[in-house]
Amino acid sequence: MEQGLIKNPILRSYLYMALYEFFGMVLFLTGINCSQNDASVAALGLFIAATLTGRLSGGHFNMAITFAVYVVEGKWLQNLTVGLSIVLIDILAAFTAMLISIGLLGSDHTFALVPSGNNKNYSLDYMLYLMLIEAFFTMVFVSTVLFVKYRRVSATTDGMLSNLTVAIALYVCVRMAGPLSGGGLNPSIAIAIITTDAVQYGFDNGTSHNGHILFLIPYILGPLMGGLIAAGLLNLSSKITIDSEEADNMAVGRGEHNQAINPADEDDGLSFEENQRRNSARGMTIQLDEASGKAALRKKTGLERVSARDYLA
């Protein structure tokens, strides 16, 4: 998914973010309802929604993804307001999509998020089973999102290819989780679908269309657990990547690389431009530290981290 472009959380930025996130979620969930959660339609719907809106909103459409990004960034107070805003926008958009879907399809033909095995089993063991299934497959899906969102560990920086990768991950996870838990993987959508069904049919009126409101517990807590695990995996992978780069830099400092950089090069009497040309030929770039005004050397890796703070300011 694309990183968002909103850098300053001014009112106008919030409005743009809200508009695009809202539109993307409505498009995504309406497609799910119209196809009865067909995995291919859900994946393609997410791809289109993320492509159309991701550049301005980040294209989350999922409370678990927002929670994971919030944990990865670790700016608990700074990002709290915008994180909660995204969650509320997605839930509001999900309810709007349910109303649109009911108008298009009728109340009996919208997608019902219930366990495919036994939607009348409310035992603690079964709830824990559903929670674990939702947590595992959400972890796989959200990990894919995070690993293409953060460039330090991403295999590509191409936005369209990243969106396609996420869409494929959603397709695989829904196909695998669907027969086991119903394939929710999204607390925002679960809240809208199950609550709408409860309002229309009652908590449990014996019909096959809806399940008990208690199913909200595994469909919310499971994906949030999966998002938390995915955030931990990303942080671990980022640390491993950083440690690897630090080891390379230490090797350069010890003269173990053929193109080792002499830290004194920038003071050897050559002009800044001459030093820049020389080090560029060595596969290095020179960047000015704006705070100190001194030249700093850095490998041209192309793996500079694209932080989600571009989105969660």
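Biologist: Why does Val172 count as partly exposed?
Modeller: Val172 has 36% relative accessibility, so it counts as partly exposed. Buried means under 20% relative accessible area, exposed means over 50%, and partly exposed lies in between, with a 1.4 Å probe and protein chains only. This is a predicted model: local features need pLDDT of at least 70, side-chain atom pairs count only at pLDDT 80 or more, and totals for chains, interfaces and linings use all residues. Residues are numbered from 1 along each chain as its sequence is written, and side-chain values use heavy atoms, with hydrogens and water left out.

Biologist: Where does Val172 lie, and in which helix?
Modeller: In helix 6, residues 159-181. Helices (H or I, at least four residues) and strands (E, at least two) are DSSP runs, numbered from the N terminus.

Biologist: Which residues form the nonpolar patch on the surface?
Modeller: Val172 is one of them, along with Leu161, Leu164, Ile168, Tyr171 and Met176. Together they have about 510 Å² of accessible area, computed by the Shrake-Rupley method with a 1.4 Å probe, where only the protein chains shown count as cover for residues. Patches are made of residues with over 30% relative accessible area and no salt bridge; like charges are joined within 9 Å, nonpolar side chains (Val, Leu, Ile, Met, Phe, Trp, Tyr) within 5 Å. A salt bridge is a side-chain nitrogen of Lys or Arg within 4 Å of a carboxyl oxygen of Asp or Glu.

Biologist: Next topic. How many helices and strands in the protein?
Modeller: There are 9 helices and 2 strands, in the order α-α-α-α-α-α-α-α-α-β-β along the sequence. Of the 313 residues, 48% count as buried.

Biologist: Why is helix 7 largely enclosed by the rest of the structure?
Modeller: Because 12 of its 15 residues are buried; among them are Pro187, Ile191, Asp197 and Tyr201. Helix 7 (residues 187-201) reaches 21 Å from its first C-alpha to its last, close to the 21 Å expected. The expected span is 1.5 Å times one less than the number of residues.

Biologist: What happens at the start of helix 7, and just after it?
Modeller: At the start, a side-chain oxygen of Asn186 reaches to within 3.1 Å of the backbone nitrogen of Ser188. Just after helix 7, Gly202 takes a positive phi of about 90 degrees.

Biologist: Which residue other than glycine has a positive phi?
Modeller: Gln36, near 55 degrees, and Phe61, near 60 degrees. Most residues other than glycine have a negative phi.

Biologist: Where is Gln36, and where is Phe61?
Modeller: Gln36 is in the loop between helix 1 (11-34) and helix 2 (39-57); Phe61 lies in the loop between helix 2 and helix 3 (63-73). Gln36 is partly exposed at 42% relative accessibility, whereas Phe61 is buried at 1%.

Biologist: How many aromatic pairs?
Modeller: The whole structure has 4. Tyr70 and Trp76 form one that is edge-to-face, 5.3 Å centre to centre with 70 degrees between the planes. Rings of Phe, Tyr and Trp (its six-membered ring) pair if their centres lie within 6.5 Å; planes under 30 degrees apart count as stacked, over 60 as edge-to-face and the rest as tilted. Tyr70 is buried at 16% relative accessibility, while Trp76 is partly exposed at 47%.

Biologist: And what about Tyr126 and Tyr129?
Modeller: They form a stacked pair, 6.0 Å centre to centre with 20 degrees between the planes. Tyr126 and Tyr129 are 3 residues apart in helix 5 (residues 124-149), so about one helical turn separates them. Tyr126 is buried at 12% relative accessibility, and Tyr129 is partly exposed at 36%.

Notes
A polar contact is a pair of N or O atoms within 3.5 Å; within protein, one must be able to donate a hydrogen and the other to accept it, and residues adjacent in sequence count only if both atoms are side-chain atoms.
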